[in-house]
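Please find below my notes on this entry. They are meant to be read beside the coordinates.

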Amino acid sequence: MFAARCIGVSLAVFVLVYVSLSLLVSRGWKLLRRTLRPSSARGAAGLLFALRVLPLGASVFVTLAFTLPSFLLLEPRSTGEAIGAAPLALGLCCVVLLAAGIVRAALAQLRASRALVAWLNGSALMEPQIKESGNAIPIFRVANGSPTLTVAGLCAPKVLVSNAAIAALSSRELRTALRHEIAHAIRYDNLRKLLFRFSVFPAMGELEHAWSEETEMAADDAAVYSFHDALDLAAALIKVSRLGPVESSGELTMALLHSSTALSARVHRLVTWNQAQTRQSQARWAYVLPAAAALAIAALTTYGSALTQMHAVTEWLVR
Amino acid sequence: MKRILDLLRRSPNVHLGPLEQQLLSTLWMRGSATVREIVDGGEIKLAYTTVMTTLDRLFKKEILNRVADGRAFRYSPRYSQAEMEKAAVGETIRRLLGSSATAASLPLSYLVEAVSEHDAALLDDLQRLLDQKRLELRSEIRSGPASKETP
């Protein structure tokens, strides 16, 4: 019974923290973005990613650092106290939430893996580009009918380039476009996307779209070192778009319409590129480390009383 | 009620990009507007052609109405904000219950996810803009040191 209560209470606290923070983030991310005004697309993407995964990260942290220890240390083991209706119901909600996340992430990964296997069928490794890019990201030349330029894979991402893209792009355009894709691979953007699938909460779609757009712009910035590069990448975007959609399923309609608006914004941004705009100082983020350190010290010094208070909360939940 | 049900049936279309949402919000505030009025209004800092293309797309998605106003079109929202929100709730529930298999939902990164053939005009516009910038860059290089190149 003690173990059941411990699990029930831990899951109940997890779901309470998760839902509360998710609600806060889904309602307040735009305000926070406007207030912090990240100076670069990479900064904005980082901020949006942090906000998107904050509910999951904070819930795991609170559960592992406070709920479990407070229950194990302060709850008497001898009492035959029942779990209680509230922790039981909330615990079940948490199980459903986690199960939904696992299923969504697993299905997304399964679909992506199947697609990757099909695309890699008959592909060839492009040796020269690997050496040129200086990164250990393999680049595969794939048959027509595959996406023109794609990054696939989670922990070991690889770049796929279709024959059509190689034929359509000039060598400079192809090199810049590959740098864009390698930027995605280096930052493990696919893994981040999968984390979004796992972290289930409605009303996060807009935040994810905003992150996706900022991530694309951040990858553009990483690929561009001069105005010439910016124009090359803009040309690559237009040419790749002209190669047409890879799939035409009804479910893609949303992405098609959304991405054309984003494409226009990206091309406009590239043709007005200037170095200062994309490589601004990150002084704003220099405040984050001291603040985090101060928070960690405060948490350590008040950890004992925090455990007591957490136990009081869990007691209230059980009753 | 029928309109809301129609919207719910077409819920995937209700999902809008940030720029589309911004323009729709502007039109809800203004009631109706031409492209020029929106651009001159200063709420949205984007090129005339981008605003025009996005409004045209919203019209094709059947989210906006438009009537001729001189040589331009005057756009107005087809549905109220409340109706759109109800449709969005439907979409949220659909996504939550169903396993959405959109390209964006998969752990893959595309250079350009895909662009519909309706956007050929947009691509032409963007190509013209790019050609113009390339010409400017060439003339800058001819006339002196390329100021926009990195050292």
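This is a predicted model: local features need pLDDT of at least 70, side-chain atom pairs count only at pLDDT 80 or more; totals for chains, interfaces and linings use all residues.

1. For the complex, the predictor reports an ipTM of 0.70 and a pTM of 0.70.

2. Chain B has a mean pLDDT of 72, with 62% of its residues at 70 or more. Among the elements of chain B, the lowest mean pLDDT, 44, belongs to helix α1 (residues 2–9) of chain B, and the highest, 91, to strand β1 (residues 33–34) of chain B.

3. Two stretches of chain B should be read with that in mind. Over residues 1–13 of chain B the pLDDT stays under 50, and the model gives this stretch 25 contacts beyond four places in sequence. Residues 96–103 of chain B also have pLDDT below 50, with 14 contacts in the model beyond near neighbours in sequence.

4. In chain A, helix α2 (residues 41–74) packs with helix α13 (residues 303–318) at an angle of about 80 degrees, the axes being 8 Å apart. Angles of 65 to 115 degrees count as roughly perpendicular, and α2(A) and α13(A) are therefore roughly perpendicular to each other. On the α2(A) side the contact is made by Val62(A), Ala65(A), Phe66(A), Thr67(A), Pro69(A), Ser70(A), Phe71(A), Leu73(A) and Leu74(A). On the α13(A) side it is made by Tyr303(A), Ala306(A), Leu307(A), Thr308(A), Met310(A), His311(A) and Thr314(A). By class, the contact of α2(A) with α13(A) comprises eleven nonpolar and five polar residues, and no charged ones.

5. Is Arg266(A) buried or exposed? Arg266(A) belongs to helix α10 (residues 253–271) of chain A. Its relative accessible area is 6%, and under 20% counts as buried, so Arg266(A) is buried. A separation of 6.8 Å lies between the C-alpha atoms of Arg266(A) and Met217(A), which are 49 residues apart along the chain.

6. Arg33(A) sits in helix α1 (residues 2–36) of chain A. With a relative accessibility of 25%, Arg33(A) counts as partly exposed. Neighbours within four places in sequence aside, Arg33(A) contacts Pro38(A), Leu47(A), Leu48(A), Ala210(A) and Glu214(A). For one of these, Leu47(A), the C-alpha atom is 7.7 Å from that of Arg33(A), at 14 residues along the chain.

7. Which residue's side chain is joined to that of Arg33(A) by a polar contact? The partner is Glu214(A), and the polar contact between the two side chains is 2.5 Å.

Definitions and conventions:
Residues are numbered from 1 along each chain as its sequence is written. Chains are lettered from A and ligands numbered from 1 in the order in which they are written. Side-chain values use heavy atoms; hydrogens and water are left out. Axes are lines fitted to C-alpha atoms, for helices over the stretch in contact, and angles run from 0 to 180 degrees between N-to-C directions. Helices (H or I, at least four residues) and strands (E, at least two) are DSSP runs, numbered from the N terminus. Angles under 35 degrees count as roughly parallel, over 145 as roughly antiparallel, 65 to 115 as roughly perpendicular and the rest as oblique. Contact means heavy atoms within 4.5 Å. Ala, Val, Leu, Ile, Met, Phe, Trp, Tyr, Cys and Pro count as nonpolar, Asp, Glu, Lys and Arg as charged, and the others, Gly among them, as polar. Buried means under 20% relative accessible area, exposed over 50%, partly exposed in between (1.4 Å probe, protein chains only). pLDDT is the predictor's confidence in each residue, from 0 to 100. A polar contact is a pair of N or O atoms within 3.5 Å; within protein, one must be able to donate a hydrogen and the other to accept it, and residues adjacent in sequence count only if both atoms are side-chain atoms.
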